[in-house]
Amino acid sequence: MRLDKYLKVSRIIKRRTIANEACDAGRIEVNGRVQRASYNVKVGDIITVNMGSVPRKYEVLAVSEHALKEDAASMYKLL
């Protein structure tokens, strides 16, 4: 799954266009490297989101095309 779509489906970022713009601006890192929106997310990846004053790190636990609001939080673990 694309990085921008994963951020939207998991509800880390509310809109895919905002996720795409954050990737283009270099605010999203995967495993310590800045990645483009087209990066293919895999289970075990560490995603760092540098939006706001405090960077947040997430570990990818699951990748699914669709997720309900209740299930979205189970797709990642906040580090």
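Two strands are said to pair if DSSP finds at least two bridges between them. Strands (E, at least two residues) and helices (H or I, at least four) are DSSP runs, numbered from the N terminus. The structure is a predicted model, in which local features need pLDDT of at least 70 and side-chain atom pairs count only at pLDDT 80 or more, while totals for chains, interfaces and linings use all residues. Residues are numbered from 1 along each chain as its sequence is written, and side-chain values use heavy atoms, with hydrogens and water left out.

Strand β3 (residues 46-49) has two partners in what follows. Strand β1 (residues 28-30) pairs with β3 in the antiparallel sense, over 3 bridges. Here Glu29 stands opposite Thr48 of β3. Strand β4 (residues 56-60) also pairs with β3 in the antiparallel sense, over 4 bridges. In this pairing Ile46 faces Glu59 of β4.

Thr48 lies in strand β3. Its relative accessibility is 8%, so Thr48 counts as buried (buried means under 20% relative accessible area, exposed over 50%, partly exposed in between, with a 1.4 Å probe and protein chains only). Contact means heavy atoms within 4.5 Å. Not counting residues up to four places away in sequence, Thr48 touches Arg27, Ile28, Glu29, Pro55, Arg56 and Lys57.

A nonpolar core is a set of buried Ala, Val, Leu, Ile, Met, Phe, Trp, Tyr and Cys residues joined through side-chain atoms within 4.5 Å. The largest such core has 21 residues. Leu3, Tyr6, Leu7, Ile12, Ile28 and Ile47 touch the most other members. At least two core residues come from each of α1 (3-9), α2 (16-24), β1, β3 and β4. Helix α1 gives the most, with 4 residues. Leu7 is in contact with Ile12, Ile13, Ala19, Ile28 and Ile47, leaving aside its neighbours within four places in sequence.

The structure holds 1 aromatic pair. Rings of Phe, Tyr and Trp (its six-membered ring) pair if their centres lie within 6.5 Å; planes under 30 degrees apart count as stacked, over 60 as edge-to-face and the rest as tilted. The ring centres of Tyr58 and Tyr76 are 5.1 Å apart and their planes stand at 90°, so this pair is edge-to-face. The pair links distant parts of the chain, with Tyr58 in strand β4 and Tyr76 in strand β5 (residues 76-78), 18 residues apart. Both Tyr58 and Tyr76 are buried.
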